[in-house]
Amino acid sequence: MRFYEYESRQILAREGIPLSKHGFATSAEQAKQIAADIGGPVVIKSQVLTGGRMKAGGVKFADTAEEAEAHARDILQLEINGHMPRGVLVDSKAPIKQEYYAGVIYDGIRKLPTFVFSDMGGIDIEEVAERHPEHVGQIHVSTLLPFTPYRAKEAIAAVGVSGEDLNRLTPIVATLVEIFLRYDLTLAEINPLGKTHDGRFLVLDGHVDLEGDARAKHAQLLQELGIGKEETREARPPTEFELKGAQVDAADHRGVAGNVREFDGDLGLVIGAGGGSLTLFDAVRKHGGRPANYCEIGGNPSVRKACELTKLILSKPGVKKIAVMMNVVSNTRVDIVARGVIKGCVEAGRNPADTIAVFRIPGAWEDDGFKILKKYGVEYCDRTVSLYEAAGRAVAKMRS
């Protein structure tokens, strides 16, 4: 779950990280007032949940409050990568001597957060790491042991920062790491972290992303920021198909049969097993298949829940067949999923034998499940058939 920049700044400010003087406005008139209160040159920045603001004209500089008002009026009407702005951030244009980068990201290979620091801020850290690796310092952060500022100091010193600058930067970036851990974030980034001519350090641009599963844990924080439960904060607004998928999942507390994402293919997917669902989605594409959707099923959903998910996927225009695939299950009954999927096909007016390209869910009550599938002429796979092979069989059925 992503936050707008103005919300990210609020989170950073809660923990005492120094920020440049700023304000959030939803109208040109408010932007003018904020600019007048700040006094002096300001930066007007579009508040959208996407990158490329500068190139798209969503970041402009103003020397007067009147100029800020004019820029804000233009930016508020500017669509960037399909996103209309929530408002504009009016930020003071501080006299900066040098810009730094500080960020905490998650290393999917090491399965640990990684703190990254660079003395070349203001540009993409990926570009710096590729072209100037000597200007990037990084350390892995334990999720079990307490984090100490000394670890952050190591990464800062690795790029040649020393003396008073090192001592002033350390508590700021150490706090950033603590924010990442405390709020269950997937990203905490300050770029740039500016050093003023009088030696102060200020956040000029900051962003944080929250792990979606941690929303309930941090419900009070989201409420204080004015973020409603209905806000998904994803790369694009949910489609009608995806909203119906959420309704299917919410209609029954038993198990999971939702998290639906819409694509433009012709093979419907009823897949699950956490990371296994992502693996299956990729496997279908690797075999040349065109997924019509992504979804997750598991945790022993009811027959009705599996049925409604199946009907939803089959209702999508262009879907010719569905593939029902999961890893070996222990907390999900194979027979219940089989009943639900077949019931969904029948209620959708489809012949299960022609509609279900493959059924690969081995595990609890699989014998009963396979008997049901056999009765309806559906091909089923036991655990001797790999997920990758099952995906290949489904794609082959589509071609035949």
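Strand E2 spans residues 42-46 and is mostly covered, with five of its five residues buried. This is a predicted model. Buried here means under 20% relative accessible area.

Start with the directions of the side chains. In a regular strand, side chains alternate between the two faces of the sheet. Val 42, Ile 44 and Ser 46 point one way. Val 43 and Lys 45 point the other way. Residues of both sets are buried.

Next, look at the partners of E2. Strand E3, residues 59-62, runs antiparallel to E2, and four bridges join them. Within E3, Ala 62 is the bridge partner of Val 42. Strand E4, residues 88-92, also pairs with E2 in the antiparallel sense, over five bridges. There, Val 90 of E4 stands opposite Ile 44.

Now move to helix H9, residues 240-250. Which residues of H9 are buried? They are Phe 241, Glu 242, Gly 245 and Val 248. Seen down the axis of H9, these buried residues fall within an arc of 110 degrees, so they line one face of the helix. An α-helix has 3.6 residues a turn, so residues three or four places apart point the same way.

What does the buried side of H9 pack against? Its buried residues pack against strand E11 (256-262), strand E13 (293-298) and helix H11 (303-314). Turn to the face of H9 directed away from its buried side. That face carries Glu 240, Gln 247 and Ala 250, which are exposed.

Technical notes. Residues numbered from 1 in each chain as written. Predicted model: local features only at pLDDT ≥ 70, side-chain atom pairs only at ≥ 80, totals over all residues. Heavy atoms only, no water. Buried < 20%, exposed > 50% of the residue type's maximum accessible area, 1.4 Å probe, protein only. Helix = DSSP H or I, 4+ residues; strand = E, 2+ residues; numbered from the N terminus. Arc of directions from axis to C-beta. Contact = heavy atoms within 4.5 Å. Pairing = 2+ DSSP bridges.
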